[in-house]
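Trainee: Could you walk me through this one before I set anything up? I'd like to start with the aromatic rings.

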Amino acid sequence: MRLNKFLSGAGVASRRKCDEIIKSGSIKVNGKVVCELGTIINEKKDKIVYQGVEVKLPTSFVYIKLNKPKGYACTASDEKGRKTIYELIKTNERLFSVGRLDYDTEGLIILTNDGDFANKVMHPRNEIEKEYQVTIEGEILESELAVMRKGVVVDGEKMPPARIKFLDKKGDSTRLSVVIHEGQNRQVRRMFEAIGKTIKLLKRVRIGGVKLGGLSRGDYKDLTIDELNLLVRAK
C-alpha cells in the first residue's frame with residue numbers, strides 16, 4: 001500500500017495533506033525517516049510512526065457531523081493557542097475534518113477516520129455542493145448578485161460561479177443563501193469582500209445532501225446511513 005494512502009486511511013489527514021507530511025520528514029517507517037512520495041509499505045508488518053505515535057488502520061470507521069462554533073480552529077493543535085474543534089468531541093479515535101471552516105465561520109463540518117471517504121467528498125471533480133447562509137451589513141443590489149453568480153474577479157483571478165438567493169432583510173442586515181462546490185480558501189468571504197460587502201455572520205448549513213438541521217452550536221452526532229449514502233453516491 002502507498003504510504004500516503006495508509007496515513008490517510010488511518011485518519012492522519014487527507015491524502016494531499018499526507019503528501020506534505022511525508023515530504024516534511026515527519027514519518028518514520030520501521031525506525032527510519034521516509035520523505036519519498038510513492039513509498040510502498042506493508043500495512044500488516046511495517047511500523048509507521050507520526051509525531052511519536054504509532055499509526056494503525058482503524059478497525060471501524062467513524063463519521064460525525066459537528067456544528068462548529070465561531071472561534072474554533074479546524075486543526076488538531078493550533079500554533080496560536082486557540083481552541084480547536086477537537087476539544088468539542090469526546091472520542092479516542094484519530095479524526096480529521098473533511099474540508100475546513102475558517103476561525104470566524106460557523107456551521108456544518110464532517111469529521112472521520114475514513115481517508116477514502118474524505119477524499120471523495122473533498123475532491124473537486126465530484127462537485128459536491130456546500131451551502132452557506134451569509135448575513136451582510138446593509139443591502140445588496142441585483143447587479144452585485146449577478147456579478148457573483150457569474151464569478152467575481154479577486155486579485156485578477158476569476159472565482160468560480162456561485163448560486164445566490166436572497167433570503168430576508170432584517171433591520172440593517174441582509175441574509176443570503178450561497179451555494180458553491182469548489183470550496184477555494186475563504187471563497188465566500190473573498191467574493192463579498194470583492195464587491196465591498198461586510199459579512200456579519202457566515203454559516204455553512206449543508207454539504208451535499210447532509211444538512212446542519214437543528215444541531216446546536218458545539219454539538220455533534222453520528223451521520224446516519226442515509227446521510228452517508230447521500231455523500232458517497234454524490235456526483
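Mentor: Let us settle the term before we use it: rings of Phe, Tyr and Trp, the last with its six-membered ring, pair if their centres lie within 6.5 Å. Please keep in mind throughout that this is a predicted model.

Trainee: OK, and how many aromatic pairs does the structure hold?

Mentor: There are two aromatic pairs in the structure. In one of them, the ring centres of Phe61 and Tyr63 are 6.4 Å apart and the planes stand at 55 degrees, so this pair is tilted. In the other, the centres of the Tyr63 and Phe117 rings are 5.0 Å apart with the planes at 75 degrees, and because planes over 60 degrees apart count as edge-to-face, that is the class of this pair.

Trainee: Which parts does the pair of Tyr63 and Phe117 tie together?

Mentor: Tyr63 belongs to strand E5 (residues 63-68) and Phe117 to helix H3, so the pair joins parts that are 54 residues apart in sequence.

Trainee: Switching to helices, then: at what angle do H3 and H6 cross?

Mentor: Helix H3 (residues 115-122) and helix H6 (residues 225-232) have axes that cross at roughly 55 degrees and come within 9 Å, which makes H3 oblique to H6. On the H3 side the contact is made by Phe117, Lys120 and Val121, and on the H6 side by Leu228, Leu231 and Val232.

Trainee: Where does Leu223 sit?

Mentor: Leu223 is placed in the loop between strand E15 (220-222) and H6, and this residue is buried, with a relative accessible area of 9%. Leaving aside residues up to four places away in sequence, Leu223 touches Tyr63, Ile64, Lys65, Ile110, Val210, Leu228 and Leu231. Leu223 and Lys65 are 158 residues apart in sequence, yet their C-alpha atoms are 6.2 Å apart in space.

Trainee: One last thing: what sits over the ring of Tyr103?

Mentor: That is the charged end of Arg82, placed 4.3 Å from the centre of the Tyr103 ring.

Conventions: Residues are numbered from 1 along each chain as its sequence is written. This is a predicted model: local features need pLDDT of at least 70, side-chain atom pairs count only at pLDDT 80 or more; totals for chains, interfaces and linings use all residues. Side-chain values use heavy atoms; hydrogens and water are left out. Axes are lines fitted to C-alpha atoms, for helices over the stretch in contact, and angles run from 0 to 180 degrees between N-to-C directions. Helices (H or I, at least four residues) and strands (E, at least two) are DSSP runs, numbered from the N terminus. Angles under 35 degrees count as roughly parallel, over 145 as roughly antiparallel, 65 to 115 as roughly perpendicular and the rest as oblique. Contact means heavy atoms within 4.5 Å. Rings of Phe, Tyr and Trp (its six-membered ring) pair if their centres lie within 6.5 Å; planes under 30 degrees apart count as stacked, over 60 as edge-to-face and the rest as tilted. A charge sits over a ring if NZ of Lys or CZ of Arg is within 6 Å of the ring centre and within 35 degrees of the ring normal. Buried means under 20% relative accessible area, exposed over 50%, partly exposed in between (1.4 Å probe, protein chains only).
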